[in-house]
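Work through the exercises below with the sequence and the model open. Each task is followed by a solution in steps.

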Amino acid sequence: MIKTLLARIHQGYRTMSYPKTLPSLPDRFRGAPAFDPSACANGCSACAQTCPTRSISCESGPVLDLGSCIFCTECSSACPRGNLKFTNNHQLSSDKREALAFRGDAPVPLEPLEPKKRGLFGKSLKLRQVCAGGCNACEADINVLSTIGWDLGRFGIQIVASPRHADGLIITGPVTENMKLALQKTYDAVPAPKIVIAIGACAISGGIYRDSPAQHCGAASVVPVDLFIPGCPPHPLTILDGILRFTGRL
């Protein structure tokens with residue numbers, strides 16, 4: 001027992017102080033994009049041509065769909081002017097699917113839950129995670145939030161085993177045909193009122209699988225989605241920031 005206590009004292013306090021201070025992000029972190037639309041006025045579409053998920057449209061000015069972007073940065077490498085960059089801004093989430101269409105201006109701010117739901121979920125939120133055909137990358141970053149470094153539970157947010165004990169769902173994966181009915185049944189089992197969070201490009205749009213007939217291009221095709229958190233996978237900070245802002249804590 002004494003050895004355990006001494007080891008704990010030696011380790012010190014390991015949980016980050018976010019949101020008081022931001023944790024250090026890796027140099028390769030890929031956050032919100034940034035580009036000057038006027039620099040694309042000559043009709044160049046090199047970025048759109050190289051995008052593996054067709055997330056960029058240049059028909060009426062450049063538009064980058066964060067909901068299907070996998071943040072591979074191929075578009076940034078292909079831009080002949082170096083106009084398209086990915087910043088370290090981790091705030092990517094939105095409560096509206098259409099707001100994920102980035103046109104070079106300031107992102108549409110995320111609207112928090114209505115006051116009544118905020119009162120219900122603002123201090124205690126239990127979520128059931130459903131892997132609807134994901135590759136486990138988004139699932140892994142969700143799991144990271146439960147480690148001592150992040151300690152999701154200190155915000156009153158927990159991942160629970162049963163939808164009967166949940167206030168809502170976290171959905172990952174493009175919703176494969178084999179998971180469609182399971183997702184619908186899980187959603188139906190969550191007591192009302194409830195919220196649904198789609199995490200990752202696959203759960204938002206189908207991601208790299210959206211051309212496959214074996215999937216349904218994201219969670220919104222099966223259940224109503226209240227919060228979209230882009231990424232492939234999203235960084236744990238992006239996930240945590242989205243949930244906290246959505247519940248009115250930031």
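Helix α8 is followed by Gly 248, whose phi is positive, near 75°. Helices (H or I, at least four residues) and strands (E, at least two) are DSSP runs, numbered from the N terminus. The model is predicted: local features need pLDDT of at least 70, side-chain atom pairs count only at pLDDT 80 or more, and totals for chains, interfaces and linings use all residues. Residues are numbered from 1 along each chain as its sequence is written, and side-chain values use heavy atoms, with hydrogens and water left out.

**Exercise 1.** Determine how many residues of helix α8 are buried, and what covers them.

Step 1. Apply the cut-offs: buried means under 20% relative accessible area, exposed over 50%, partly exposed in between (1.4 Å probe, protein chains only).

Step 2. Count along residues 236-246: 11 of the 11 residues of α8 are buried. Among them are Pro 236, Asp 241, Arg 245 and Phe 246.

Step 3. Look for the cover, taking contact as heavy atoms within 4.5 Å. It includes β6 (125-131), α5 (137-144), β7 (157-159), β9 and β10.

**Exercise 2.** Describe the burial of strand β9 and find which strands pair with β9.

Step 1. In β9 (residues 195-199), 5 of the 5 residues are buried, so this strand is largely enclosed by the rest of the structure.

Step 2. Sort the side chains by direction. In a regular strand they alternate between the two faces of the sheet. Ile 195, Ile 197 and Ile 199 point one way from β9, and Val 196 and Ala 198 point the other way.

Step 3. Find the partners; two strands pair if DSSP finds at least two bridges between them. Strand β8 (residues 168-172) runs parallel to β9 and is joined to it by 4 bridges. Strand β10 (residues 227-229) is also parallel to β9, with 3 bridges. Opposite Leu 227 in β10 stands Ile 197, while Ala 198 in β9 has Ile 171 opposite.
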